[in-house]
Amino acid sequence: MNSNKTFIKNICSIVLGIFITSGVLFSCKKDVPAEEVKEIPGFPVNTTISKLVENAESGKTIESEAVIWGFVVGSGAGQNANSMVWIQDDQSGLAIKVAEEELGKYEEGTLIFVKAKGLTIKREGSFLVMGALEAGALKALSGQNLKERIGLGAKDQSIPVDAIGIAEITNKHNQRLIALKDVEVINGDIGGNFGPVDSQDRKQIVLQDCGGNEVYVITDKKSAVAAKEIKDGRGNITGLLTVNNGRKELRLLHENDGEGLTGIRCAGSGDISLTRVI
């Protein structure tokens, strides 16, 4: 009888041991997402966009061997980015001056790598732009020079989008893809399309939240959204944001980016009157 109890006890110990071991083995095999390696041969990433901008002296040629990475947010006239590729990493954004005929390869969501040595960062209007300095002005990269400086990585990558209200905008959101929450076009700008209808190259309208905080929407006549009608409701709208000397500007990248303004407008919207200067 005792031998049977001992046998059963031994069997239970073995089973318990197997169960515990299996549990340990199972936990060891748990899927853990591998850290994404943002690098391709010949483009050893060694800094970030924000550090590059911080260390680069405006208007001076970059002498360090800096290599950055970024997701393409938009490029070309159709996305409000004439002769530019807009990129952003996890924290900052930058525009790169590229010849218009070369922009087809820089599709939205493509991971790219840029060798900054020999290039220059300057402010052009609302944007910090990097390009080749020639006679005091930035020249668009093209041909072999472009090929040697910009490497293409994976396509169709997910681009981080910060969803914030106008009052939450700070300098850290400059030249990044932003989803603005709960905004509406002011009364004076309702009607017509996002883009200009006359000989002007661009048009601006004003978005505001229910507290009267403003953002200017800038639309080039060649952009995809230019012919789209402005909605008269309130909602969310996504685009590339720039912040320069307190002025906040948004550029829409796709023809349907303004379609979300369909909700009920802020109470008292009809009484709000704003003066604006381009």
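Is Phe127 buried or exposed? Select Phe127: its relative accessible area is 5%, so the residue is buried (buried means under 20% relative accessible area, exposed over 50% and partly exposed in between, with a 1.4 Å probe and protein chains only).

Before going on, note that this is a predicted model, in which local features need pLDDT of at least 70, side-chain atom pairs count only at pLDDT 80 or more, and totals for chains, interfaces and linings use all residues. Residues are numbered from 1 along each chain as its sequence is written, and side-chain values use heavy atoms, with hydrogens and water left out.

**Aromatic pairs**

Rings of Phe, Tyr and Trp (its six-membered ring) pair if their centres lie within 6.5 Å; planes under 30 degrees apart count as stacked, over 60 as edge-to-face and the rest as tilted. By this rule there are 2 aromatic pairs. Trp86 lies in strand E2 and Phe127 in strand E6 (residues 127-134), so the pair ties together parts that are 41 residues apart in sequence. Strands here are DSSP runs (E, at least two residues), numbered from the N terminus. Trp86 is buried too, at 1% relative accessibility.

Next, select Trp69 and Phe71, an edge-to-face pair with 5.2 Å centre to centre and 80° between the planes. Both Trp69 and Phe71 are buried.

**Charges over rings**

A charge sits over a ring if NZ of Lys or CZ of Arg is within 6 Å of the ring centre and within 35 degrees of the ring normal. Select Phe43 and Lys115: Lys115 lies over the ring face, 4.7 Å from the centre. Then move to Tyr216, where the charged end of Arg247 sits over the ring at 4.0 Å from its centre.

**Ser92**

Go to the loop between strand E2 (81-88) and strand E3 (93-97), where Ser92 lies. Ser92 has a relative accessible area of 15% and is buried. Leaving out residues up to four places away in sequence, Ser92 touches Ile49, Ser50, Ile87 and Arg176 (contact means heavy atoms within 4.5 Å).

**Strand E10**

Select residues 176-185, strand E10: 8 of its 10 residues are buried, so the strand is largely enclosed by the rest of the structure. Two strands pair if DSSP finds at least two bridges between them. Show these partners of E10:

- Strand E9 (residues 162-164) runs parallel to E10, joined by 3 bridges; Ala163 stands opposite Ala179.
- Strand E13 (residues 234-244) is antiparallel to E10 over 7 bridges; Glu184 stands opposite Arg234.
- Strand E11 (residues 202-208) is antiparallel to E10 over 2 bridges; Val185 has Leu207 as its bridge partner.

Key: Helix = DSSP H or I, 4+ residues; strand = E, 2+ residues; numbered from the N terminus.
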